[in-house]
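Open the model in your viewer and keep the selection panel at hand. This tour tells you what to pick at each stop.

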Amino acid sequence: MATTTSSAAGLSLASVTLDVADLEAARRFYRAFGVDAYVRLRASEAPSTGFRGFTMALTVANPATVDAFLGSAVDAGATVLKPAAKSLWGYGGVVRAPDGTIWKVATSAKKDTGPADREIDEVVLLLGVEDVKATRRFYADRGMAVARSFGGKYAEFVPGRAGAVKLALYKRRGLAKDLGVPADGTGSHRLVLGGTTGAFTDPDGFVWEAAASS
């Protein structure tokens with residue numbers, strides 16, 4: 001699908017839809033994982049191989065909560081890509097859901113300050129793109145407000161409302177490396193973004209549609 005332009009201002013991310021092969025199985029998984037409020041699911045057999053070019057990331061309060069979410073995901077059928085571990089930035093791990101979507105769960109805290117809970121502080125959709133600066137401009141031209149930007153490495157946008165999924169951009173190969181997977185991939189992203197303006201496709205092939213009402 002070709003990229004189209006829009007004169008409408010004020011684009012924001014209103015919904016995230018994952019294309020899955022087994023709709024009922026995916027519903028069971030995301031309920032067990034505890035993130036079903038943040039994603040929509042749609043049945044699709046669109047061909048896709050390798051890295052799909054994005055990840056969903058959860059930020060939580062402490063390492064015990066990271067472990068709780070990752071444990072729930074694995075118990076529900078997820079595959080561990082990177083076991084939870086301390087890093088320079090905190091503590092986190094990465095899993096792949098049965099439908100193929102990669103999820104990262106992390107905290108900036110390196111020590112527990114309380115027991116594990118099921119609270120999610122922030123959900124971020126990270127798109128792996130070839131040119132962060134160009135894609136940032138693409139979205140800014142459509143009315144998305146940039147919250148933070150670090151040159152050609154990373155950019156994130158202001159969410160459209162409190163508690164909404166935040167959109168961010170990262171270099172595709174850097175994102176794949178962070179997740180512990182090869183960067184190569186072909187076919188569909190198996191992801192549809194619901195926006196507050198008309199339909200379009202971004203420079204990296206991520207498809208946006210007018211957000212459906214809940």
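Predicted model: local features only at pLDDT ≥ 70, side-chain atom pairs only at ≥ 80, totals over all residues.

Residues are numbered from 1 along each chain as its sequence is written, and side-chain values use heavy atoms, without hydrogens and water.

**Select the whole chain.** Show it as a cartoon. The protein chain has 4 helices and 15 strands (DSSP runs, H or I of at least four residues for helices, E of at least two for strands, numbered from the N terminus). Its radius of gyration is 17 Å, close to the 17 Å that the globule rule gives for 214 residues, so the chain is as compact as a globular protein of that length. That radius is taken over C-alpha atoms, and the rule is 2.2 Å times the number of residues to the power 0.38. The C-alpha trace spans about 50 × 35 × 35 Å along its principal axes.

**Switch to burial.** How many of the 214 residues count as buried? The share is 44%, where buried means under 20% relative accessible area (1.4 Å probe, protein chains only).

**Select residues 79-87 and 90-96.** These are strands β5 and β6, which run antiparallel and are joined by 6 bridges. Strands pair if DSSP finds at least two bridges between them. A hairpin of 2 residues links β5 to β6.

**Zoom in on V80.** Its bridge partner in β6 is V95.

Key:
Buried < 20%, exposed > 50% of the residue type's maximum accessible area, 1.4 Å probe, protein only.
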